[in-house]
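User: I have a protein model open and want to learn how to read it. Can you take me through it feature by feature?

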Amino acid sequence: MEVRSILLLSLSLLLIADAGKAASAPPVGHVTGVGGIFFKAKDPKALAAWYREVLGMPVEVWGGAALRYDAPGHPSVLAWNAFPASTKYFAPSTGEFMIDYAVDDMDALLARLHGKGVAVLKRDDNDPNGRFAWILDPEGNKIELWEPKR
């Protein structure tokens with residue numbers, strides 16, 4: 001809970017900073033954002049199909065998805081945070097990463113997940129930054145779902 005609070009506080013500060021961008025541009029040769037998320041899978045085609053069918057991700061014929069920052073209701077920033085190697089925040093996954101997906105309607109998505117037999121590990125509707133839920137994909141990767149506070 002404490003780690004998530006720190007992460008979400010950082011995200012909130014980023015949102016505030018984004019609203020009042022500095023007058024001077026950063027020097028050239030810097031990171032501007034996340035251009036992709038890539039990971040290994042035991043069965044990439046089956047995992048892509050699960051993300052498409054269960055989470056509604058727009059997986060395209062080339063096997064991936066182009067998730068747009070300018071989608072209606074989508075947050076204007078992406079949080080980046082390195083966790084201590086000893087963190088339990090990703091548990092029960094033993095993976096070295098966890099992806100947080102912003103969602104437009106938590107209730108609708110959780111109803112879809114229930115209909116597909118996906119267990120929700122935990123749900124939090126009382127966080128000041130929005131609503132959260134956690135699930136595992138078929139390969140055991142923990143996924144954080146976040147509906148930003150409106």
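Predicted model: local features only at pLDDT ≥ 70, side-chain atom pairs only at ≥ 80, totals over all residues.

User: How many residues does helix 2 have, and what span does it reach?
Analyst: The expected span of a helix is 1.5 Å times one less than its number of residues. Helix 2 (residues 44–55) has 12 residues. From first C-alpha to last it reaches 16 Å, close to the 16 Å expected.

User: Which residues of helix 2 are buried?
Analyst: Buried means under 20% relative accessible area, exposed over 50%, partly exposed in between (1.4 Å probe, protein chains only). In helix 2, the buried residues include Leu47, Trp50, Tyr51 and Leu55. Their cover includes strand 1 (99–102), helix 3 (106–115), strand 3 (130–136) and strand 4 (142–148). Contact means heavy atoms within 4.5 Å.

User: What is the strand order in the sheet?
Analyst: Strands of a sheet pair through backbone hydrogen bonds, either parallel or antiparallel. Two strands pair if DSSP finds at least two bridges between them. This open sheet of 4 strands has the order 1-4-3-2, with mixed pairing. Strand 1 and strand 2 (122–127) are the edge strands, each pairing on one side only. Strand 3 and strand 4 pair in the antiparallel sense over 7 bridges. Glycine 130 stands opposite proline 148 in strand 4.

User: Where does helix 3 lie?
Analyst: Axes are lines fitted to C-alpha atoms, for helices over the stretch in contact, and angles run from 0 to 180 degrees between N-to-C directions. Helix 3 lies across strand 2, strand 3 and strand 4. It runs at about 20° to strand 3.

User: Which peptide bond is cis?
Analyst: Most peptide bonds are trans. A cis bond joins alanine 91 and proline 92, with omega about 15°. Proline 92 sits in the loop between helix 2 and strand 1.

Methods: Residues numbered from 1 in each chain as written. Heavy atoms only, no water. Helix = DSSP H or I, 4+ residues; strand = E, 2+ residues; numbered from the N terminus.
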